[in-house]
Amino acid sequence: MSQKLNLNLSDSMYQNALNIIPGAVAGIRRPYNFVPGEYPIYFEHGKGGRVTDVDGNEYIDFLCAYGPIIIGYREEEIDNEVIEQMRNKGFCFSLTQPIQNRLAQKLIDLIPSAEMAAFVKTGSDATSIAIRVARAATDRVKIVRCGYHGWHDWCVEVKGGVPQKVWEDIHEFHYNDLDELEDIMKEHGDNIAGIIVTPVGHPLAEKVQEPKPGFLEGVRKIADKYGSILIFDEIRSGFRVDMGGAQKLYGVTPDLATFGKAMANGYPIAALVGKKEVMKVLADKVFLSSTFFPNSLEQIACLKTIEILERDNILATVRKKGEFFSNLVEEVVKKSGYDAEFSGGPLMPFITFNKDKDGLYKKLRPAFYTELIRRKVFLQPYHHGYICYRHTDEDLKYAANMIAESFEELKKYC
Ligand code: PMP
């Protein structure tokens with residue numbers, strides 16, 4: 001019989017924060033995105049593949065900070081380089097430090113579409129400058145999008161505070177649906193500056209989708225046919241599915257690509273990379289500048305992360321761990337007898353409940369994830385998870401067993 005976790009401190013901190021911070025915590029970290037009352041709201045610390053909340057509960061963490069943690073929390077080798085830079089040189093200046101050139105060259109060496117690179121801080125910065133570059137390079141206005149691209153005006157899902165004119169030139173198509181894309185292009189193709197698409201499909205609360213054979217190639221062809229810039233949003237896939245991104249793995253090269261999340265194992269940095277011919281508008285026609293963009297700590301962290309990923313062949317190991325976990329969980333889900341699905345394996349595992357006409361899935365989902373969090377396995381009910389290098393085989397086996405137990409417990413609910 002599972003027991004509700006002691007979350008007293010999390011709850012009281014949350015109540016306190018509601019009076020001084022709107023919504024207490026930001027967006028996707030709010031309790032309604034988990035199971036309210038069952039998940040912690042504040043973490044105190046993390047190490048490797050585990051995190052500890054403010055009440056002292058320790059979890060095997062499969063959310064990995066929503067993606068940045070590719071190796072593990074508090075990687076000493078990375079943190080030590082950052083601390084050295086902080087102590088010996090400093091990191092926030094009026095001019096740029098030399099490390100930026102090294103980092104740009106490294107991305108160019110690794111990523112097929114990268115002939116040039118520009119550095120920003122967040123994924124939203126990167127996707128937003130990508131569409132500005134596409135518009136400037138083509139002298140066109142409209143954008144076609146597919147996937148989550150961040151919180152900025154042009155793409156934010158919640159439209160409060162955003163004038164319609166900012167998003168009325170943005171058209172959306174569904175992942176893996178080339179016909180829908182072709183229809184939009186037939187109607188607006190002459191004025192489509194860019195097509196931005198996540199190379200892996202991961203709509204919120206829905207199962208993760210791999211590209212169908214020919215999908216990414218088809219998007220490339222359509223972009224070429226209409227003279228539009230093809231942008232891969234690799235904020236999640238970059239430095240996770242392959243050192244050269246999903247574009248390397250699937251063999252389709254976009255004109256521009258955005259990277260973020262895993263590139264510095266948690267330090268805040270993102271990048272726009274792409275073909276010289278397109279990127280060159282950033283040298284004159286397009287403005288990109290911010291006080292903190294050139295800060296070097298995250299550039300140091302990024303180079304060190306990449307060095308470790310390459311040196312220790314980390315991504316291959318993460319993939320192996322993911323395969324081990326996926327095989328176990330796939331079996332568990334199949335045997336559960338529930339209309340549930342495992343997707344996203346091996347790297348972005350997700351357990352979803354298929355929609356049924358009676359809406360049973362709306363009860364099963366929170367019940368299942370309640371049982372799981374009570375067993376100290378931190379997975380998100382509405383968002384796929386991630387595997388990191390520091391997850392041990394024991395962690396993965398334990399989590400798979402707890403997933404099996406949580407399915408068993410569902411009988412109690414329905
Ligand atoms: N693109 C994708 C594919 C993402 O997953 C995200 C973040 N979840 C973003 C863009 C925005 O990145 P950020 O949250 O760092 O602004």
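# Close-up views

**View 1.** Beyond its neighbours within four places in sequence, Asp125 is in contact with Val120, His152 and Phe293, contact meaning heavy atoms within 4.5 Å. The structure is a predicted model, in which local features need pLDDT of at least 70 and side-chain atom pairs count only at pLDDT 80 or more, while totals for chains, interfaces and linings use all residues. Residues are numbered from 1 along each chain as its sequence is written, and side-chain values use heavy atoms, with hydrogens and water left out. Asp125 belongs to helix α4 (residues 123–138); helices (H or I, at least four residues) and strands (E, at least two) are DSSP runs numbered from the N terminus. With a relative accessible area of 17%, Asp125 is buried, a term for values under 20%, whereas exposed means over 50% and partly exposed in between (1.4 Å probe, protein chains only). Its side chain reaches the backbone nitrogen of Lys121 at 3.1 Å. This is a polar contact, that is, a pair of N or O atoms within 3.5 Å; within protein, one must be able to donate a hydrogen and the other to accept it, and residues adjacent in sequence count only if both atoms are side-chain atoms. Asp125 and Ile231 are 106 residues apart along the chain, and 14 Å separate their C-alpha atoms.

**View 2.** The ligand is surrounded by residues that include Thr122, Gly123, Ser124, His149, His202, Asp233, Arg236 and Lys261; a residue is near the ligand if one of its heavy atoms lies within 4 Å of it. Asp233 places a polar side-chain atom 2.7 Å from a nitrogen atom of the ligand. On its own the ligand has 390 Å² of accessible area, of which the protein covers 83% (Shrake-Rupley method with a 1.4 Å probe; for residues, only the protein chains shown count as cover).

**View 3.** The largest nonpolar core has 101 residues, and Ile195, Phe239, Ile403 and Phe407 have the most contacts inside it. Such a core is a set of buried Ala, Val, Leu, Ile, Met, Phe, Trp, Tyr and Cys residues joined through side-chain atoms within 4.5 Å. Helix α11 (residues 297–311) gives the most to this core, with eight residues. Domain 1 (8–73 + 314–412) and domain 2 (76–311) each supply at least three of the core's residues. Apart from this core lies another, of 22 residues, among them Ala130, Ile131, Ala134 and Ile170. In soluble globular proteins, nonpolar side chains tend to be buried together.

**View 4.** Domain 1 and domain 2 meet through 26 residues of domain 1 in contact with 24 residues of domain 2. The domain bounds come from an automatic or database domain assignment. The centres of the two domains, taken over C-alpha atoms, are 27 Å apart.

**View 5.** Asn265 is found in the loop between β9 (256–259) and β10 (270–274). This residue is buried, at a relative accessible area of 7%. A polar atom of the Asn265 side chain lies 3.2 Å from the backbone nitrogen of Ile70, and the side chain reaches the backbone nitrogen of Ile71 at 3.0 Å. Not counting residues up to four places away in sequence, Asn265 also touches others, including Pro68, Gly72, Glu75 and Thr305.

**View 6.** Gln299 lies in helix α11. Its relative accessibility of 1% makes Gln299 buried. Beyond four places in sequence, the contacts of Gln299 include Ile99, Gln100, Leu103 and Phe119.
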